[in-house]
Amino acid sequence: MYLSSILNINPFEFDKYTSFNLVKAIIKQRNIKNKIEIEEIEKAVNITREMHLSAMRNVKAGIKEYELVAEVEKQPRKYNAYYSFQTILSKNGQILHNHSHLNTLKDGDMVLLDCGALSDEGYCGDMTTTFPVSGKFTERQKNIHNIVRDMFDRAKELSKVGITYKEVHLEVCKLLAENMKKLGLMKGEVEDIVSAGAHALFMPHGLGHMMGMTVHDMENFEEINVGYDEGEKKSTQFGLSSLRLAKKLEIGNVFTIEPGIYFIPELFEKWKNEKLQEEFLNYDEIEKYMNFGGIRMERDVLIQEDGTSRILGDRFPRTADEIEEYMKVYRKY
């Protein structure tokens with residue numbers, strides 16, 4: 001109302017007066033993070049790291065998810081920080097934005113935790129880990145976790161100045177398809193699988209997004225303006241249409257890498273009943289994973305002055321073996 005009064009514009013008509021040149025100028029400025037901003041983001045990332053480590057230390061069979069959320073959300077307060085978004089913590093990792101915390105955790109479950117800290121200077125962290133309630137992954141859980149780790153490593157390796165993030169996303173999808181074939185869940189040529197979008201049954205989201213003063217930085221200016229090069233259109237293909245970041249990477253960009261593999265019963269049933277992508281999907285074998293849940297791995301990454309990428313924050317248990325070792329040493333129960 002204050003802006004409306006000083007500009008003498010009806011607040012319901014603000015869109016009529018939007019300056020796209022100003023929007024582009026703000027995006028251009030905020031897309032490139034300077035040294036001080038990178039330090040602030042890294043501070044938020046390290047607080048986020050503490051949130052995740054706290055969850056690994058405090059998880060045990062028999063507690064409610066919301067009890068573990070309470071432990072996670074205590075951590076930012078120690079640093080006069082807050083949360084960069086509503087915490088996602090669930091044993092049902094196949095539900096991508098699950099804000100319900102009512103389940104009782106039991107041995108054999110995995111917890112998918114997606115959370116972040118907002119520093120006192122207003123910069124964000126955003127990380128996802130998936131870890132076992134018992135402290136030990138099952139063989140099947142570890143196999144899928146290892147594939148997700150390899151997908152992350154491939155994305156990290158490719159993320160350099162000059163490549164588009166859409167290219168990175170598609171290469172990671174090829175690695176996903178290749179591994180699903182090895183498990184007997186997919187068939188056909190990898191290039192054909194990804195071109196058709198059949199792999200999106202297992203990863204129906206994009207590889208990442210810009211990050212900074214908001215956790216999906218500047219997306220209030222619309223994804224197409226922030227995450228895509230000028231003139232490029234978003235795909236309408238399932239999965240690829242959810243790619244938030246597709247543009248060419250530049251020095252000073254801070255963004256997330258967050259591959260995942262999910263076994264979503266509702267999506268599986270829909271595709272199976274409609275006989276979608278039958279030439280690429282072994283539905284009988286996939287059905288055996290319908291009680292699996294989901295695994296995601298997310299870290300915050302900077303394109304450095306030398307054109308290469310660096311994971312922000314202090315070292316953190318990332319592989320399945322490292323997570324098990326950390327929980328063996330530090331878990332309270």
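The model is predicted, so local features need pLDDT of at least 70 and side-chain atom pairs count only at pLDDT 80 or more, while totals for chains, interfaces and linings use all residues. Residues are numbered from 1 along each chain as its sequence is written, and side-chain values use heavy atoms, with hydrogens and water left out.

Stay on Ser 119, which sits in the loop between strand E4 (117–118) and strand E5 (127–132). The labels are DSSP runs numbered from the N terminus: helices (H or I) have at least four residues, and strands (E) at least two. Contact means heavy atoms within 4.5 Å.

## The whole chain

Zoom out and colour by secondary structure. The protein chain has 11 helices and 10 strands. Its radius of gyration is 21 Å, close to the 20 Å that the globule rule gives for 333 residues, so the chain is as compact as a globular protein of that length. That radius is taken over C-alpha atoms, and the globule rule is 2.2 Å times the number of residues to the power 0.38. Along the principal axes, the C-alpha atoms fill a box of roughly 60 × 50 × 45 Å. Of the 333 residues, 52% count as buried. Among contacts between residues at least 6 apart in sequence, 73% join residues at least 24 apart.

Two packed helices are described by the angle between their axes and the distance between the axes. Axes are lines fitted to C-alpha atoms, for helices over the stretch in contact, and angles run from 0 to 180 degrees between N-to-C directions.

Select helix H5 (residues 139–158) and helix H6 (residues 165–182). Their axes come within 9 Å and cross at roughly 155°. H5 and H6 are therefore roughly antiparallel to each other. The cut-offs are under 35 degrees for roughly parallel, over 145 for roughly antiparallel, 65 to 115 for roughly perpendicular, and oblique for the rest. H5 passes H6 in a right-handed crossing. A crossing is right-handed if the near helix is turned clockwise from the far one by less than a right angle, and left-handed if anticlockwise.

Show side chains at the contact. From H5 come Ile 144, Ile 147, Asp 150, Met 151, Arg 154, Ala 155 and Leu 158; they meet Val 168, Glu 171, Val 172, Leu 175, Leu 176, Asn 179 and Met 180 in H6. The residues of this contact divide into 10 nonpolar, one polar and three charged. Ala, Val, Leu, Ile, Met, Phe, Trp, Tyr, Cys and Pro count as nonpolar, Asp, Glu, Lys and Arg as charged, and the others, Gly among them, as polar.

## Helices H5 and H11

The axes of H5 and H11 come within 9 Å and cross at roughly 120°. That makes H5 oblique to H11. Lys 142, His 145 and Asn 146 of H5 make the contact with Ala 320, Asp 321, Ile 323 and Glu 324 of H11. These residues divide into two nonpolar, two polar and three charged.

## Helices H3 and H4

Next, select helix H3 (residues 35–58) and helix H4. They pack at an angle of about 140°, with their axes 8 Å apart. H3 and H4 are therefore oblique to each other. Their crossing is right-handed. Met 51, Ser 54, Ala 55 and Asn 58 of H3 make the contact with Leu 68, Glu 71 and Val 72 of H4.

Go to Asn 80, in the loop between helix H4 (65–74) and strand E1 (82–83). Asn 80 has a positive phi of about 55° although it is not a glycine. Most residues other than glycine have a negative phi. Asn 80 is exposed, with a relative accessible area of 59%.

Then select Glu 222, in the loop between helix H7 (190–196) and helix H8 (223–226). Its phi is near 85°, a positive value in a residue other than glycine. At 51% relative accessibility, Glu 222 counts as exposed.

The last stop is Gly 293, in the loop between helix H10 (283–286) and strand E8 (294–296). Is Gly 293 buried or exposed? At 5% relative accessibility, Gly 293 counts as buried. Gly 293 touches Gly 93, Gln 94, Tyr 262 and Phe 263, not counting residues up to four places away in sequence. Finally, draw a distance from Gly 293 to Pro 265: their C-alpha atoms are separated by 9.1 Å, and the two residues are 28 residues apart along the chain.

Key:
Buried means under 20% relative accessible area, exposed over 50%, partly exposed in between (1.4 Å probe, protein chains only).
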